[in-house]
Amino acid sequence: MTTTTVPAPAFQEPTPTPVSLLLLGRTADPRSERGVECPGDLPPASDPDLVARAAAAKAKLGDRLFVLGHHYQRDEVIQFADVTGDSFKLAQQAAARPEAEYIVFCGVHFMAESADILTSDAQQVILPDLAAGCSMADMATAEQVERCWERLEDLGIAEGVVPVSYMNSSADIKAFTGRHGGTICTSSNAERALEWAFDKGSQVLFLPDQHLGRNTAVRDLGFSLDDCVVYNPHRPDGGLTDDQLRAAKMILWRGHCSVHGRFTPETVDEVRERIPGVNVLVHPECKHEVVEKADYVGSTERIIALLDEAEPGSAWAIGTELNLVKRVAAAHPDKQVVFLDKSVCYCSTMNRIDLPHLVWTLEALADGRVPNVIEVDADTAHFARVALEQMLALP
Ligand code: SF4
């Protein structure tokens, strides 16, 4: 039998997915990472005693409390973190502190879910503002991903497809990955995760960040852009023909980070013109054409390490969340560190966690009330853990 294969179309940056905006903290969408009701009377941001109140509540709780601070958090919050790091490092740190009854996660919803999955039943994970979701994680819902998988099954190719899901995904998506023999990855180990997946199968379904998937496949594994297709959950059949799905090596989910997606090739050109000799360092969640123009690509931990190793007097333009860039710049006064873009680029949902929310949370805990607990159901947690453990076992 002769089969004809239609070549995958040349890569084109997709237009943004229309995500309906919910007023943060004002409406409810419990199946989503975004916008759920945040109860309670918050202290006013103008209260001059907020720092003292947070310190007092933290001291009262002692070892029963462990505060995690993601790299993208505000300084006013980070000052109270017992440990800082990326989402996976923080979840591991929480699991390594079994004596801490309360894990206050200053980050976003999917991170708190991961911490709940990895910690014991005796520990409660608390998110100071339930409206702190992640727009990227929101771009892949369980129903959408199940529909995509049914399509692959109907085509008869699902058996050879290995799901690889970025840490930045909901517990539902991690559980889907575990149920179908896949692995989780971070921006530090995405290359190893893809190598493992291609040893196991012939195609990868990469969720939910198309840019990390494409950048890793093309830059690190040597695939071509034509080996990648983008599955759009808002289009019938994902917007892809049967032949396109069969021919693709990488089936990329149409998700992206709204913060890293803002950097453009023009911002790289502009900073090179402004600062001759500057080293451009970007996160792999940036678009492929931005990554192609950069000198270095690395996860948040790698960005911090590269600046620690950099020569005094060297100049760096960094393409990642602004809170982290500002802290890196402050830690290296002997180097010129600038933000890659000219416009402000904070992660708005990360920034939902502010000092009033932290004080409100810590004081509630000190008074014996446990607010905003993030709890993943047992079945979802089991399969999500399977996928996370597969990541830890990557060669
Ligand atoms: S920086 Fe991007 S990926 Fe990280 S929490 Fe914010 S929107 Fe999500």
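In the predicted model, the ligand is surrounded by 13 residues, of which Cys-134, Met-136, Cys-257, Val-259 and Cys-347 are the closest.

Among contacts between residues at least 6 apart in sequence, 68% join residues at least 24 apart.

The packing of two of the helices was examined further. In general, a pair of packed helices is described by the angle between the two axes and by the distance between them. Helix α7 spans residues 171-179 and helix α16 spans residues 378-392; their axes come within 7 Å and cross at roughly 65°. Because angles of 65 to 115 degrees count as roughly perpendicular, α7 is described as roughly perpendicular to α16. The crossing of these two helices, α7 and α16, is left-handed.

On the α7 side, the contact is formed by Ala-171, Asp-172, Lys-174, Ala-175, Thr-177, Gly-178 and Arg-179. Helix α16 contributes Thr-380, Ala-381, Phe-383, Ala-384, Val-386, Ala-387 and Leu-388. By class, the residues of the contact between α7 and α16 comprise 8 nonpolar, 3 polar and 3 charged.

Definitions and conventions
Residues are numbered from 1 along each chain as its sequence is written. This is a predicted model: local features need pLDDT of at least 70, side-chain atom pairs count only at pLDDT 80 or more; totals for chains, interfaces and linings use all residues. Axes are lines fitted to C-alpha atoms, for helices over the stretch in contact, and angles run from 0 to 180 degrees between N-to-C directions. Helices (H or I, at least four residues) and strands (E, at least two) are DSSP runs, numbered from the N terminus. Angles under 35 degrees count as roughly parallel, over 145 as roughly antiparallel, 65 to 115 as roughly perpendicular and the rest as oblique. A crossing is left-handed if the near helix is turned anticlockwise from the far one by less than a right angle, and right-handed if clockwise. Two residues are in contact if their C-beta atoms, placed from the backbone, lie within 7 Å. Ala, Val, Leu, Ile, Met, Phe, Trp, Tyr, Cys and Pro count as nonpolar, Asp, Glu, Lys and Arg as charged, and the others, Gly among them, as polar. A residue is near a molecule or strand if its C-beta atom, placed from the backbone, lies within 6 Å of it.
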